[in-house]
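Load the model in a viewer and keep the selection tool ready.

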Amino acid sequence: MDIKHVVQSLQIQCCKVISLNTNFTESFLEEINQPCLNLIVDYLSVYDILRLEKVLLKRGINVKSALYRLQRILFFNNETYPIKSTTCPHLLDLFPCDGWDWGLSRLLYRRAIVQLIEEYDKGSSLPSGHLVDAYSYLLDLFTPINTQHIGHVKKRVMDSANMVEHLAVLAAHYVLFITLDQKHSKFLLDRKNEAILDAFCGSLMVISVILKSSPLLLTLVKILKERAQKLERISINVIRTNDLQYFDSVLSICSGVLGYYSTVEGQKDKKHLMSLISSGQDEASIILGREKSETNCAEYLDQTISDSETNPDFDLMDDAVLFGTSGSTSKFDSNAGMTKADFKFTNLVDKDFYVPVLDHHLRSWLSLRELHLGVPELPPQLLQGLCSLLQRAHLKSFTLSSTDYNYLIMEDILTAVASRSTYPLDKLMFVSLQERVENIEDLLVNDHLSGKSSTEIDTFIKLQESQKIAALGEFLGTKLLEVYLCTLGVKTECVLAGFVSRDAALTNLCFSNSVSRLFVQNHLRYLTIKNRQMTTLILEDWQVLTPASCSALSSCLSTLKMSLQSLSLKGCLHTANIDRLAEIFIPVSMCKNLIALDLSENNLGEATLSFVSQIIRDTHVKDISLRKNSFSCSAIVHFLKEISGTHILETLDLRGNRFLDCHRQQYSELAHSVAKFILVDNALNNIDAR
């Protein structure tokens, strides 16, 4: 037996002694020499690393890195890897990608805590240790790597009185985001689970609340507001008109403004609201959602509103309907509320009732810095208040999502942003907007502009653009503009083109296939002509198929060679023309300050990997995604050999290709010489991996 196998055998034996052994003396780890300790850590389970965290940190072990390594080895699904925050419930923002800490948070929450909550909600009498028998993925958290004794591990956990609960408490310290509903509230407010709640209060950064008329949810939000040390965002999802009184109460806690239904006008609306609710249901107790609570709901709400406290660090989040007002003062003005706010309203919530509630709070919510609106539509009152808010110098970020609109609404919003004078927004984002066009021709950009020269296109845009924006000349509107998964009519595209061409603050631009090819070409041409020094350019699902598209992109990239740091051409390069690809990749390799490059979902030919190698050699790029390009295993191995010896990448994403986890292990030394993290799939389905 060679020395490598001897060392590995000793590692496994040591870990068998340590693993799941609550009587294990930590002094052993304190006394063992550092090289041996480093070897042992590679064979510990997730549970062991969590429970031995303090002694490992004391010995200089990077516990998070050890957990990230286990995360990659053990789990091969969306829980494992960092994902773009567009797919996360807490942000609709393409910048930046989630870190490994968010991936670990999702993994531990889903596997170590959610099942405890589910069993609690069922009223299950099953001993917690037996959950590993029902949920195999929970057992994975207790199982050391390469162990041959899974049965032994399962028996040990099942025989334990509280090992699963202990894991939940340890895991909660790493959980950054949770979604709260009625059963989560019952679980966390039970004194038996106080240790988990305490851990959450030290770790949580984002809470998503599915609002329901429930004193329990309101109580939990108040507790977290008072005790959570890192809480940055709360997502409020308002689903029914019935829940607006509770929404007003939560909003009062977060804004520091007296609740709307405590005002004279609000009392009148409250009577109308109660009348509407009563007409739709037979039992007021069901409508008001007392849910076994003996507290009168109206009295509870009034008490909550009058007793509401303020906290400038407490903050609300996920889709939102918020709007500001003019600069007139109000007796309700509050500077003590949180600085971020996001809510989502479904079309089941009556706009005649939620608009006055939001209007009341936002007129006096002077500390608001970030706003995310998710509403079915923008009524005139809401739009007017929103435009006023967008002109407040202290507002830093605005996102509008899931809204039906017309080009006049877009014109008013962009004009408000363009009027901000010397204080541009940090972010302006439009996500999943659906335009109400007058006729189908308003969507057919190619019918208007196909075959036209640049001069003719400029003339067309000038005739259609917003005169309000044009009258402002050059302005400082926003540093980042994102238009993602939106339907845009011709007039709206012209309004947008006028805004982009005049916004001197713009340094980060993201267009998905929401914007037509001709208009993307036009935007790139404007950036080139005006020598705008962009740091981020994301052109997702914009197919570069024509010489004109290729030329526009190439010229723009050449202009950005000193400033560009992040570039995404995901789903853009669907062409087998190697000369056309070279025209794009060569200027990319000249962007010396490039840090992130996304070339995923392009089905690039294997010959293009030589261009990627050149980019790695010539720039400071740290993160590269080649996901879903169908590269063969041999092509990937050749590519890794080509770039080995250059600077080590932070992340190389190879998922969706034929280079699998077994190949990563086979070429482990080569992989380690290329990148800290190489993301791969575990297996290919119905594809020959050879």
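Buried here means under 20% relative accessible area, exposed means over 50%, and partly exposed lies in between (1.4 Å probe, protein chains only). Helices (H or I, at least four residues) and strands (E, at least two) are DSSP runs, numbered from the N terminus. This is a predicted model, in which local features need pLDDT of at least 70 and side-chain atom pairs count only at pLDDT 80 or more, while totals for chains, interfaces and linings use all residues. Residues are numbered from 1 along each chain as its sequence is written, and side-chain values use heavy atoms, with hydrogens and water left out.

Select helix 23, residues 454-464: Ile457, Phe460 and Ile461 are buried. These residues lie on the same side of helix 23 because they cover an arc of only 95° around the axis, taken from the directions from the helix axis to the C-beta atoms. Turn to the other side of helix 23, where Thr455, Lys462 and Leu463 are exposed.

Next, select Asp458 and Arg525, whose side chains meet in a salt bridge at 2.7 Å, N to O. A salt bridge is a side-chain nitrogen of Lys or Arg within 4 Å of a carboxyl oxygen of Asp or Glu. Asp458 is in helix 23 and Arg525 in helix 26 (residues 517-529), so this pair ties together parts 67 residues apart in sequence.

Move to Arg233 and Asp342, another salt bridge, at 3.2 Å, N to O. Arg233 belongs to strand 3 (residues 233-238) and Asp342 to strand 4 (residues 340-345), so the pair joins parts 109 residues apart in sequence.
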